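Please work through the following exercises with the sequence and the structure open beside you. Each task is followed by a solution that goes step by step.

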There are 4 protein chains.
Amino acid sequence: MRGLLVVLTLGMLSSGVLAQPIAIVGGTIIDGNGGRPIENGVLLIEGKRIIAVGGRSMALPPQARKISAAGRYVMPGLMDANVHLVIDAFPFTLIRYEGRYQELAIEAAQIALKSGVTTVFDSWGPHDALMAARTAISEGRVVGSRIYLAGTIVGLGGPFSGDFAAAAKESLPEDFTQRINALWQQNVGPELMAMSPEQVRVEIRKYARSGIDFLKYAVNAHASPMIQFSPRVQQVIVEEAHRAGLTVQTHTMSGEGIELAVRAGVDLMQHCEITLEQSITAETIELIAQRQVPCALLPHTDAALAFYKERAPALPFLAHFALDDVNERALLRSRAVIVLSTDSGVWSVSTLNSAFWKQYDAPQSLLVLGEGHFNWFVAMEQKGMPAMDSLLAATRNIARAYKVDKDLGTLEKGKIADLLILDENPLASAANYRSISLVMKEGSIVDREVLPTQRLLTAQTAHP
Amino acid sequence: MRGLLVVLTLGMLSSGVLAQPIAIVGGTIIDGNGGRPIENGVLLIEGKRIIAVGGRSMALPPQARKISAAGRYVMPGLMDANVHLVIDAFPFTLIRYEGRYQELAIEAAQIALKSGVTTVFDSWGPHDALMAARTAISEGRVVGSRIYLAGTIVGLGGPFSGDFAAAAKESLPEDFTQRINALWQQNVGPELMAMSPEQVRVEIRKYARSGIDFLKYAVNAHASPMIQFSPRVQQVIVEEAHRAGLTVQTHTMSGEGIELAVRAGVDLMQHCEITLEQSITAETIELIAQRQVPCALLPHTDAALAFYKERAPALPFLAHFALDDVNERALLRSRAVIVLSTDSGVWSVSTLNSAFWKQYDAPQSLLVLGEGHFNWFVAMEQKGMPAMDSLLAATRNIARAYKVDKDLGTLEKGKIADLLILDENPLASAANYRSISLVMKEGSIVDREVLPTQRLLTAQTAHP
Amino acid sequence: MRGLLVVLTLGMLSSGVLAQPIAIVGGTIIDGNGGRPIENGVLLIEGKRIIAVGGRSMALPPQARKISAAGRYVMPGLMDANVHLVIDAFPFTLIRYEGRYQELAIEAAQIALKSGVTTVFDSWGPHDALMAARTAISEGRVVGSRIYLAGTIVGLGGPFSGDFAAAAKESLPEDFTQRINALWQQNVGPELMAMSPEQVRVEIRKYARSGIDFLKYAVNAHASPMIQFSPRVQQVIVEEAHRAGLTVQTHTMSGEGIELAVRAGVDLMQHCEITLEQSITAETIELIAQRQVPCALLPHTDAALAFYKERAPALPFLAHFALDDVNERALLRSRAVIVLSTDSGVWSVSTLNSAFWKQYDAPQSLLVLGEGHFNWFVAMEQKGMPAMDSLLAATRNIARAYKVDKDLGTLEKGKIADLLILDENPLASAANYRSISLVMKEGSIVDREVLPTQRLLTAQTAHP
Amino acid sequence: MRGLLVVLTLGMLSSGVLAQPIAIVGGTIIDGNGGRPIENGVLLIEGKRIIAVGGRSMALPPQARKISAAGRYVMPGLMDANVHLVIDAFPFTLIRYEGRYQELAIEAAQIALKSGVTTVFDSWGPHDALMAARTAISEGRVVGSRIYLAGTIVGLGGPFSGDFAAAAKESLPEDFTQRINALWQQNVGPELMAMSPEQVRVEIRKYARSGIDFLKYAVNAHASPMIQFSPRVQQVIVEEAHRAGLTVQTHTMSGEGIELAVRAGVDLMQHCEITLEQSITAETIELIAQRQVPCALLPHTDAALAFYKERAPALPFLAHFALDDVNERALLRSRAVIVLSTDSGVWSVSTLNSAFWKQYDAPQSLLVLGEGHFNWFVAMEQKGMPAMDSLLAATRNIARAYKVDKDLGTLEKGKIADLLILDENPLASAANYRSISLVMKEGSIVDREVLPTQRLLTAQTAHP
């Protein structure tokens, strides 16, 4: 634990603590509102917040520390609308790190931050461990991306349930698999499907107040178009989440699932381009666009699509990726609100070396946290998304979708000072997002060199 | 085929053909309307229909052939609201009899008739083969229970799909498993789940006109509370079936599934007591009762329940039977309309000898066609259903539920002459249904000795 | 059955029956003894046997029917030292044709004959069905390759045992799988491994007199280097087989297995180049060569090796084929006696269309009966075997190995008249074996057009 | 590690260190040579060794510390000829404790010592970890049973190989399963089966000098009568082990396997009563007896046999236990040398709670270290073994079989002072072995209360 306590100094050069104002001067400011960038702009930060944004003529407090961004680009910190900080939910990792999942989450949040993602939204993971990681970061005990979390996906089971890797449990002791499933499922697992609306209401009410930041529920099964909840039960879920002040989002796998989600009044839809067997109809696309329900997309680059296409004859479950592309292009042509997401996380060295992984290891894949979001921009550029739209999809749109735009998402007076300085112009080429020169979170400059501060799954040496 | 052509003379002593009226005299007539039985009654039949029902004083045509039922009980032929004439959909049987499934269906229909069931409603099976069997019987080429059929369950896959025995296909050639699945699925299999309502409409419209007698769709998955279709798609299914003049019924597995079914306006619900994990709420019970949607129950006798209870610790999927009992008793206490069903069929000698079967082989099980319906009466008697209600559940209620009560279900003037003569009073004890003395179908006395006229799955010797 | 009775006229133009002598004149005779071919030779046949072989000057009986082989090549009928006439021992075929396996064997024997193989040695199959096929052919009721058979491989189980496709039995009724396993295993299955030498002796003695033509036993397991029998038990097996006048052959999978086989005094070794993980040592190669125990090889052409090599990373069980090639070349360099074998049989259309088959479907594979032996010659030519040696490997060497060289294997006075006339010189190119112009078996010309006379597995249309 | 260093004081009341002689007086001494016990005997110990054994009249050094054994029984420390200190080789335990297996071995050795077993022979386990545990104990850094170890069973694979739980590896990363398998297999795993005798010799020579105390090889497969090595390879293995000064023992599963073992000249045979399907022939029993090759038996009590018999219909692999009993009784009737063994180890709480374990959890089972050896005596008593023979089987016979009888196995002058004081007479009833009053190892009294000094698998609370 001592290791964690020194992270503050290691991970952040804490300007914020001393409250010396910081002025970022000379760069092109892309403020995340979609307007024309401010050339030779000035951004003034005091403590955790931005106190002014303006042109070169803006007056600076004399004590301000100046950071030159001359020739560079200043933009809001990236956000990722869908990550899984504890994604390697395979037996080896879950056994090896039992009791330490919060450390895995912190490692992941640090990798995210290092790569410019200042806020992540974790939409499936072990509830308590994610809460612990969130708190450790928000209280400044460790540095890392700001975490918002959903805990489980309401209606789905844990890692060893039928929704995920049921076969794995055959060779594991029952007490362990039940214990782990419970860490995910809490009181809102698959048993909800057998309940009446009022029974579901009781459980959701409890779960919505368990410390989560937003609620995600399964409209469809994990990997099939089967529907998990009737509309009236979905309504109960949405109602209770909203009553607790939470935004609601969905896991869907079919066009009909999307219809149900939109009509249930959800605030965001994850991977709404995945419809497995049938592309989304024009009517449903229109509905999405008209209602302006944000869609968190998981687009594949041309290289990744080629990879999946080549392997699909032998591995038919890879076939849907081709359809995803069709849906993404249709959504792009509509006026749908699109937000960046990756479904990514940190995988252990063992997993990355495994035959399992090789099935998915497409070039420019989204799945690896710290890399995936860069590939997202490339993929969307290839599909024709305007550069500014992509940038908004990764900043302001997400903040709005999650109703945290009062504090996050743009470089405006009063907003929290999460920002990146890039060497190259992200509006010129999607590849330029990689040219990160500086990451600031809450007014503090991140020392990216030391991240992650403790290597567990990412340790360079193989396991002992 | 020659064997089939002689069946008429073998299987039925064809009074109807000669049009000599038949008078059944001296018995107690239980006409299937729920009123007081007519003692020493007379039933007059001409051709296929009943032309008069009355007391002993009724005048008889002089040429009438008299059949004495003195000391016996005359009642409508039994109906079974849920059978599967081709139920042994395991690789051994499906391979061995490929191309001959209609013969299996006929064998089953003959076993049903032999045991007093003059009409069966087949709610899942190979579409074309069942149609061929239905026609062979309705045209008098072979004797057997009158068949009404649904073909597949809309939304589910065939025998080798994920809904049934997917593992079996691993060791079978793909062309065979695809061919067989297609015999069941027709154009309305699991692919419908990925479709929009209008796409579904096109397929259902076609299927509803494919020769089926009624339509059954899956509200829930085969063995889980997952929902197959959104309410609006369900509405399309019901609409199109009704438009084609078909009744609609459901496969449900949860209380919420029942709610969806009732609200979709279906005409009958199969096994609505199976809700797997949660008993049906009082509200849903009340809804069923209030809307008077017939429930086809699959009740277990006390002996069967004891069998399942004992084995459930090792075979957890047997656990739901205890809950079924709870639901059945709740439905009985309500004013719900209950109809007899068995989910039964003919199993091959090999299957009956297999380890698989031993898991389900409860005493007094419903699953064996020709036996199951007798056990149904015993089970419902044990649960407290009044004797007359049970009798109506097996006759008039089914005829009404399937909208065939103009011709079937009671012993009334103008109805088709399907009837049984029992040695013992079925209203005195459920066990008395077994005391069949005579079976008449469409005015012809059935020669039960020769049934089934061709033994395939029921051959006494093991396979070669 | 009637279909089978007409086969004689259909399948053979029966010169032999009428006993008119036949003279094949003008061709180059390669008599199968390895000497210089006789150009413009004459071969005189009366009844089933050759009565003279000579040069053009040989006098012919006046009534002799002359067949011109001018510009062509006359050689002994081919023999295949290892086929499986009932090889498609998968559930679909075994269920579909239960009770008719002898018909499958006949179909296969006809395909073999059609492609120039006048004698086959079946080294694993259903004992009684193979005997029935052998008798039907030997008695002239149907035409087909001459069959010699071993029945099962002593020590191994039947098709649904752990030695073959144990998983398949999970979805099949136990009475069926046991019944089928018993057709193969007879009294000499895996249970022998647990017996003492004297117990084994009792069983082998019985089996050796059950009508088989030669005996094959497993030195190694079906697909691993594990050893099935101790040397003293192997000695018992060999002794009892020899005592019954049978040759003995082995199934081996390792160099040590070969050592055991040679030292046990066996008469032939099947696929002795398959040693899975380690190539055969020089000492063992030397032992084989020195003792002159015939090796029936299963060589792969360069094209096939390339196919296996490409797929081996994903399907590791394909890896051994590369080692097979190393061993084959080593055996070729030694003075080992090599005989042609293919391990081939007839596969159903369904199997040929299956994913299973695609794993093995190398170009120029040996596995398809009627094709495999042609590929054998090509493979051995590529490995550098002299053309005449290859020809002997497919004729005289096999006859000697099986101790049937009194009647078969060469074109010599007194031998049975099994022969081929080829358009092209087989000693010039291995590809020329395909240029079959005429097949004669036992002095009768085979009408290859009508073979097979009944198509079962080879029916062009898919199954119904 | 600090925890381990204090173990000496915790685990042993170290008389030996101070070299004050100890005199155990007044008890009945059963010296392990089979002769009449010495009543009111005196045993004098100095340092680690016994310096005198005699009657009450024996003179004692004045400074000797006297321990009264009046009314009690003094016997040699028990030995167990077959344990597995790291037996819970399931994924959960192997992942959780990767890198700490030596700690698991120490925990197990302490449980053994606590229950009176002063010496264990570990015949299958992770080579390096067992060596580390052996050294830690032999150097006095921790207290525990004296360990002799074989490492792997030559010819078998590691925990995730086909010989053990191959299916488990499906859900684990390949680098982990390979790494773990390698810990067991070293250079002498299944790959040896494909090697020639001289190749095997090279590997065995290396392995025999890797620090192991004795060598064990698989004559038969882990759970079938298949044979792993030809006689000449077995000879190589035995030769090389003997050349390195090691005794050799076997894993056999058939009568023929035993014959091979005896004739290969091995020094001990593990579980030679397990022959799976056929009882051992009289000839083989006679061979064992005549050659006096010690048999380490795994006998089941009547209660355990009843348990297995009841479950065998559902779990056929339990059937062999009935045959084991037959073989054990036959061996008892012969003059065979019998030694105690248990095949036991420490199982994790999770394993003990698992469905897997319930299959084997017979009453009075041998499988739990610390309990198994007590049940061994009960089982052999039930089978009619004379009490003194049982005692010798657990002491002197084992010391002789392993050729460590110069130091161990009896209470004689010059032997190492490993001994037990029992409250009840072990020769009166097998149950009395449980009445341990004092355990001495190497002249030091064991503080049994503190054992095991660190609880890992045996921690009372479930895993976190």
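**Exercise 1.** How many salt bridges does the count give between chain B and chain A?

*Solution.* The model is a predicted one, and side-chain atom pairs count only at pLDDT 80 or more. Under that condition, the count between chain B and chain A is 4 salt bridges. One salt bridge to look at joins the side chains of B:E256 and A:R232, with a distance of 2.7 Å from N to O; this lies inside the cut-off of 4 Å for such a pair. Polar contacts are counted separately, and between chain B and chain A there are 9 residue pairs of this kind, both residues being at pLDDT 80 or more.

**Exercise 2.** Describe the contact between chain B and chain A, going from its extent to the residues and elements that build it.

*Solution.* Begin with the residues: chain B gives 26 residues to the contact and chain A gives 26 residues. The area buried between these two chains is about 2100 Å², and carbon and sulfur atoms give 59% of it. Within the part that chain B buries against chain A, B:M226, B:E256 and B:Q278 supply 28%, more than any other three residues.

Next, take the polar side of the contact together with its elements. With 9 residue pairs in polar contact between the two chains, the elements of chain B that give two or more residues to the side touching chain A are α8 (197–208), α9 (231–243) and α10 (255–264). The largest share comes from α10(B), with 4 residues.

**Exercise 3.** Which symmetry relates chain B to chain A?

*Solution.* Chain B can be laid on chain A with an RMSD of 0.0 Å by a turn of 180° and a shift of 0.1 Å along the axis. That is the relation of a two-fold axis. To place the axis in the structure, look for B:I227, which of the residues of chain B comes closest to the rotation axis, its C-alpha being at 2.3 Å. The interface residues of chain B are also interface residues in chain A to 100%, so the copies meet through the same surface.

**Exercise 4.** How far apart are the closest C-alpha atoms of chain A and chain C, which no contact joins?

*Solution.* The closest C-alpha atoms of chain A and chain C lie 9 Å apart. Chain B and chain D are likewise not joined by a contact, and their closest C-alpha atoms lie 10 Å apart.

How values were computed:
Residues are numbered from 1 along each chain as its sequence is written. Chains are lettered from A and ligands numbered from 1 in the order in which they are written. This is a predicted model: local features need pLDDT of at least 70, side-chain atom pairs count only at pLDDT 80 or more; totals for chains, interfaces and linings use all residues. Side-chain values use heavy atoms; hydrogens and water are left out. Contact means heavy atoms within 4.5 Å. Buried area is the accessible area (1.4 Å probe) that two parts lose on being put together, summed over both. A polar contact is a pair of N or O atoms within 3.5 Å; within protein, one must be able to donate a hydrogen and the other to accept it, and residues adjacent in sequence count only if both atoms are side-chain atoms. Copies are superposed by least squares on the C-alpha atoms of residues with pLDDT of at least 70 in both.
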